[in-house]
Structures are given as C-alpha cells and as structure tokens.
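Please look over the sequence and the structure shown here before reading on.

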Amino acid sequence: MLPTIAREDDVVVMIDQRKLPAKELYVRCKTAPEVARAIKAMVIRGAPAIGVAAAMGIALGTRRSTATGTQKFAAEFARTCDMMAATRPTAVNLFWAIDRMKQSLAAGVQAGESVDQLKDRLDREADAIHDEDVANCRKMGAYGADVVPQEARILTHCNAGALATAGYGTALGVIRGAVEAGKRVTVFADETRPFLQGARLTAWELVRDGIQTTVITDNMTGALMRQGKVDLVVVGADRIAANGDTANKIGTYSVAVLAREHQIPFYVAAPLSTIDLKTPDGSHIPIEERNAREVTHVGSSQLAPVGALVWNPAFDVTPHHLIAGIITERGIFRAPYTESLRRAFE
Ligand code: MRU
C-alpha cells in the first residue's frame, strides 16, 4: 500500500504530494512546526491525511519537549495543538484529530502519569488515529462497493485516495472495494484545477493499481456525462454538516449539479471523523482561500497577466439534496441526513 505518512521514532515521514507524479520524494519532518508547514504547503493533503499528520506532529512536538513537570508539558502541548489548528480551516478531520490528542492527554494527566508516560500515550494515540483511518477506509470500500454496478464507469474529482488518507482512500477506497469485489471498473479523473490533484495524484494511484483511468479537464465533465459515459460519481469530503451539505474540493458542486441533470447517482465517501454535527449546514463551513499564484501559474509558468485579480477558494459546498448517499465505515446514510447522520453516531 502507498506510504502516505509514517511516524518513525523522532521524525514524521511523508511522501511529497507536490512533486508527484514526476518525482517520488519523501519529506522528513523533525519538529512540529515542520509538520505544520508541510500541511499548509500541501506536502500532505486530503482531510483524513491532514488529521493524521497533525496528530503525528503533536506527538513529535511533545516527544521533543524538555519539560519535566506536567504543567509545563501540557502548556507546550496546547501551543503545538494551536499551531496545527491554524494550518488549514476546512477539513474538520484536523480539529477532530487535535481533539482526540487533547482528550488522550487529559486522560493521562487525570491518571497521574509522568511526562514520559504522557509522551508514550500521545505516540500511541497518533498511531491509533493512523491505523483506524486505514481500517475505516477499507470498511467504506466494502460498503461502497454495493452501490457500484457490475460494470461501472466512475467519475471522481480531486484525490480522495490512499494519498489523502492514511491508506486505501475514501472515494478511491470505494473504487478499490468494487474492484476487489470483482466488478469491472474504469475511472474518469477530473484534472482538478488549480492544484491538479486529479491529474497528478488520482491518476498516479490508480494507474499503479492497474485500474484503467482516463484524465479529463474539469470543463469536459458535462460533455462526458451527456454522452452517457458516466454511471456513477464518487467523491470525498472535507467537512459534512449535520444536514448533509458537503464541503469538498472546488469544482465538486459543479460535478454534482451536472450529475443531477444527467440522472447519475452522486455519492460522497467519508469517515465519521469528517462529519461535523456541530455545523448545522454548509453555509457555516469555513472555506479556505489559497494563494493567487496557484491560479495564475502552473508550476513556474505564468498563465495570467500581472494585475489580474484572482479568486481561489479551495473548496465548495454541495447541497445535501444533490447527494444520493454518504458512504461511511458504519454503512451508507441517506436523506433525510439530519436524522441519518445523527443516528450514525449513536
Ligand atoms: O486541498 P486538498 O487537496 O487537501 O483537498 C482534498 C479534497 O478536497 C479531498 O477530496 C477530501 O479531502 C477528501 S480526502 C479523502
């Protein structure tokens, strides 16, 4: 399986997703600020992977703490959590993972553990977040395979694969699950401007797996659907509000509207850690705006003239009524989402 991220004793190692597919390079983060910078710069990206990276970064930061007393250690830990929380605002998995690390520390302090014991517990919690994510993706894949026809042409947007998780993937996990279930699947990968996660990362992963993949530019999706060449859409999510409204990579909303027009089922695959019941609907989801250079340039080549204004929201929100179902590790949830998603946590 693809090595997205791993924790070695005193380093966090991650594949540099900015360089794929041209180069398979690994970044070795030796400090928590290095992990935070890697998340911000999208060395590692994808909602679940961001959460795992933050947890490992926190464990790394606290492992390197020289504090001998619990109080000083806890204060340093809190500052590291704040630094991770300031990296990217939309993927709720980030805040979910930070909360889990905080709860773990609180339980250790409550039990009167020494600083060394607290460090060990935080390492274990980060590893658990990583391992559970892989297991959840596999479960999602198995549930999701049920909605994939025996022969299916699946369109996906962005990269919700092994690279966006601790391994296996959410949307690509569903595709992998369907293939493992013996279904004949081919994939259309939207290029996904401006960061090109579809062309660079999704296509790279699937080609490595031997799954036939056709890359299209984002503006080809409508024509492809109109020609009857798409049976199903499956995408990932960065945050799902209590009513099912789903934030995902910019362009997902347009795909969902096109899918509705062409009566193609549009599914979201995401772990429960992406569902945010505290956010009532999509209008409350914070949408990250990224650097103008991502739009004006491709690599070092400038496309747009100096002086042109740029709007670069990294995500959009797909309203729940366009979503046929939300595939999770606990099964597939359908409308009315306010009830089904609440039940998912019971
Ligand atoms: O900006 P990115 O690359 O972090 O955005 C990633 C996405 O939008 C993914 O579709 C989403 O995080 C789901 S990943 C399983």
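What follows is a walk through selected features of this model.

The model is predicted, so local features are reported only where pLDDT is at least 70 and side-chain atom pairs only at pLDDT 80 or more, whereas totals for chains, interfaces and linings use all residues. Residues are numbered from 1 along each chain as its sequence is written, and side-chain values rest on heavy atoms, with hydrogens and water left out.

Three strands form an open sheet in the order 1-2-3 with antiparallel pairing, where helices (H or I, at least four residues) and strands (E, at least two) are DSSP runs numbered from the N terminus, and two strands pair if DSSP finds at least two bridges between them. Strand 1 (5–8) and strand 3 (26–29) are the edge strands, and because each has a single partner strand, one side of each is left without a neighbour in the sheet. On average, neighbouring strands of this sheet are turned by 20 degrees against each other, direction ignored; axes here are lines fitted to C-alpha atoms, for helices over the stretch in contact, and angles run from 0 to 180 degrees between N-to-C directions. Strand 1 and strand 2 (residues 11–15) run antiparallel and are joined by 4 bridges, and within this pairing E8 has V11 of strand 2 as its bridge partner. Helix 1 (residues 32–40) packs on the sheet and touches strand 2 and strand 3, its direction making about 140 degrees with that of strand 3, where contact means heavy atoms within 4.5 Å.

The loops hold several backbone details. The peptide bond from L20 to P21 is cis, with omega near 0 degrees, and P21 belongs to the loop between strand 2 and strand 3. A cis peptide bond, again with omega near 0 degrees, leads from R193 to P194, and P194 sits in the loop between strand 5 (184–190) and helix 7 (197–208).

Where do the residues with positive phi lie, and are they buried or exposed? C158, which is not a glycine, has a positive phi of about 65 degrees; it is placed in the loop between strand 4 (151–156) and helix 6 (171–180) and is buried, with a relative accessible area of 6%. Q263, also not a glycine, has a positive phi near 55 degrees; this residue lies in the loop between helix 9 (252–261) and strand 10 (266–269), yet it is exposed, at 71% relative accessible area. Buried means under 20% relative accessible area, exposed over 50%, and partly exposed in between (1.4 Å probe, protein chains only).

Turning to the cysteines, the structure holds 0 disulfides, a disulfide being a pair of cysteine sulfur atoms within 2.5 Å. The cysteine sulfur nearest to that of C29 belongs to C81 and is 17 Å away, and for C81 the closest cysteine sulfur is in turn that of C29, too far for a bond. C29 is buried, at 1% relative accessibility, and C81 is likewise buried, with a relative accessible area of 1%.

A backbone N or O atom of G46 is 2.9 Å from an oxygen atom of the ligand, and a backbone N or O atom of A47 is 2.8 Å from a ligand oxygen atom. The side chain of K249 places an N or O atom 2.7 Å from an oxygen atom of the ligand.

Notes:
A polar contact is a pair of N or O atoms within 3.5 Å; within protein, one must be able to donate a hydrogen and the other to accept it, and residues adjacent in sequence count only if both atoms are side-chain atoms.
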